Amino acid sequence: MQTPAASLPLKDPTLFRQANYIDGKWVQADSGKTLVVGNPATGEPIGAVPAMGAAETRRAIEAADRALPSWRAMTAKERSVILRRLYELMLANTEDLAVIMTAEQGKPLAESRGEIAYAASFLEWFAEEGKRVYGDVIPQNLKGRRILVLKEPIGVFASITPWNFPAAMITRKTGPGWAAGCTGVIRPASQTPFSALAIAALAERAGMPPGVCNVITGPSGETGTELTSNPLVRKLTFTGSTEVGAKLLAMCAPTIKKTSMELGGNAPFIVFDDADLDAAVQGAIASKYRNTGQTCVCANRLLVQEGVYDAFAAKLKVAVEALKVGNGMEAGVTQGPLINAEAVAKVEAHIADALQRGARVVTGGRRHALGGNFFEPTLLADVPADAVIFHEETFGPVAPLFRFATEAEAIRLANATPFGLASYFYARDIGRIFRVAEALEYGIIGINEGIISTEVAPFGGMKASGLGREGSKYGIDEYLEVKYLALGGIGT
Ligand SMILES: NC(=O)C1=CN([C@@H]2O[C@H](COP(=O)(O)OP(=O)(O)OC[C@H]3O[C@@H](n4cnc5c(N)ncnc54)[C@H](OP(=O)(O)O)[C@@H]3O)[C@@H](O)[C@H]2O)C=CC1
Ligand SMILES: O=C(O)CCCC(=O)O
């Protein structure tokens, strides 16, 4: 396929790569086969990427393994300089990276720009954290002995990421990995490979040595099997569905890889009687409709106390109706398309099920007049707790309201799910804030806050939402091994 970069308004068309990056070289699949990538807003193809198989994946892993000794031998400060350069290059190229992201993912340009800044922030953060990988000296347990603890890079990591955050999920994994002294193979989602390839092009410019950053694309079966079974890979880091995460965990078991799993959620968003309702509406819009509802931390169930239920529903209706649906490239659009037809069908099925069980549509509820993958921002009221939408992540622009009477009931409903990623509640009573925060079985709790994502705080879930934490001072531990030295013969 011809490079259609001319159809994307890029200042630097060389950021749009229809090739993979292995061992410092831009390459095609051995078979010459490619995967076409479409624009979810228009259905038009925007380009094609190599359909790599097991052999090329193995080559990428071996390149990472060869690059490992010299990368890990660099000082943290030397690695930090390169990460910092990549951070600056991402910011300097924000506009082009945002256009590429909106073309392949569909989110509004303003959100894409925000994601590029968010993605770059992980490189900046871990460029610094890499310098603070401290060891320990433990008081001796025997005379004449000393006990030291070293932290060392785990080795080659493999990263498998989803389509909903095509840049930030890459850097949230590679930032700490590279900073810790690891080298890696990045395998982005098939729907959104171009953002990852653009980051690789910038990593090359930033002076990343060959083999430290490798990006491969291709069918998940072949690439995934090699990444999870190759013994040279010591760490798998994944973001995506719980179903695939569980599969990958099992596939990593025979070679005992360390894993980080950032999986599905089913976030409750609780509004108590004492909440600031305007703030709660603002938070609900930010949390629920970010990326057209396609994030694992999006509010999935809005639990509203009976005293404020009608007032909250009325205010939220006004805010939902102010959202503007359209092609993310157009100014003023706040809601892009869903990623594909299956996503639209899932949203429709969740709404139909809720209505059939007695819920009512407050606003929206149908495919958008624009057609394709566009859906109306939707608000449902009086949804019963036996509805499918209560139990499954919708991953779409539907806010279902559930009514509750007491704090205990809210906590029980909120925790009645196998998932435990993000949760939110709005309240002002300080005693309630502590009681509820302590009772919620979630890795992330937004209290009077609808947006919780930041590079400085630990992101991750409990229960079926995954293993490990990303970002923050904790994120780098996922790429480190702890080594204990028992040093005898000291004398005293
Ligand atoms: N926690 C989160 O952030 C996310 C949660 N989800 C949830 O999952 C649902 C489905 O979304 P979907 O994109 O299909 O998520 P998946 O979990 O299927 O995909 C995530 C990543 O895993 C890859 N993958 C899929 N199957 C395998 C496999 N067998 N071996 C190796 N890699 C694999 C995908 O590749 P490929 O692109 O080639 O399929 C993609 O790169 C959503 O509706 C949502 O509920 C989805 C995305 C993110
Ligand atoms: O939805 C996801 O895949 C997680 C990323 C969301 C975020 O970092 O806010």
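Let's start with Phe374, which sits in the loop that links β14 (360-363) to β15 (378-381). Keep in mind that this is a predicted model. Is Phe374 buried or exposed? Phe374 has 22 other C-beta atoms within 10 Å, and the cut-off for buried is 20 or more, so Phe374 counts as buried. Leaving aside residues up to four places away in sequence, Phe374 touches Val325, Pro337, Arg367 and His368. As for Ile285, 89 residues separate it from Phe374 in sequence, and the C-alpha to C-alpha distance is 18 Å.

Now zoom out to the whole chain.

| Domain | Residues |
|---|---|
| domain 1 | 13-263 + 466-482 |
| domain 2 | 267-447 |

Where the two meet, 12 residues of domain 1 are in contact with 15 residues of domain 2. On the domain 1 side of that contact you'll find five nonpolar, five polar and two charged residues.

That leaves ligand 1. Which residues come nearest to ligand 1? Out of the 23 residues around it, they are Pro162, Gly224, Gly240, Ser241 and Cys296. Two elements, α7 (220-229) and α8 (242-252), each give two or more residues to the shell around ligand 1. By class, the shell holds nine nonpolar, 11 polar and three charged residues. Both domains take part here: domain 1 and domain 2 each supply at least three residues to the shell around ligand 1.

Terms used. Residues are numbered from 1 along each chain as its sequence is written. Chains are lettered from A and ligands numbered from 1 in the order in which they are written. This is a predicted model: local features need pLDDT of at least 70, side-chain atom pairs count only at pLDDT 80 or more; totals for chains, interfaces and linings use all residues. Domain bounds come from an automatic or database domain assignment. Two residues are in contact if their C-beta atoms, placed from the backbone, lie within 7 Å. Ala, Val, Leu, Ile, Met, Phe, Trp, Tyr, Cys and Pro count as nonpolar, Asp, Glu, Lys and Arg as charged, and the others, Gly among them, as polar. A residue is near a molecule or strand if its C-beta atom, placed from the backbone, lies within 6 Å of it. Helices (H or I, at least four residues) and strands (E, at least two) are DSSP runs, numbered from the N terminus. A residue is buried if 20 or more other C-beta atoms lie within 10 Å of its own, exposed if 12 or fewer, and partly exposed in between; C-beta atoms are placed from the backbone.
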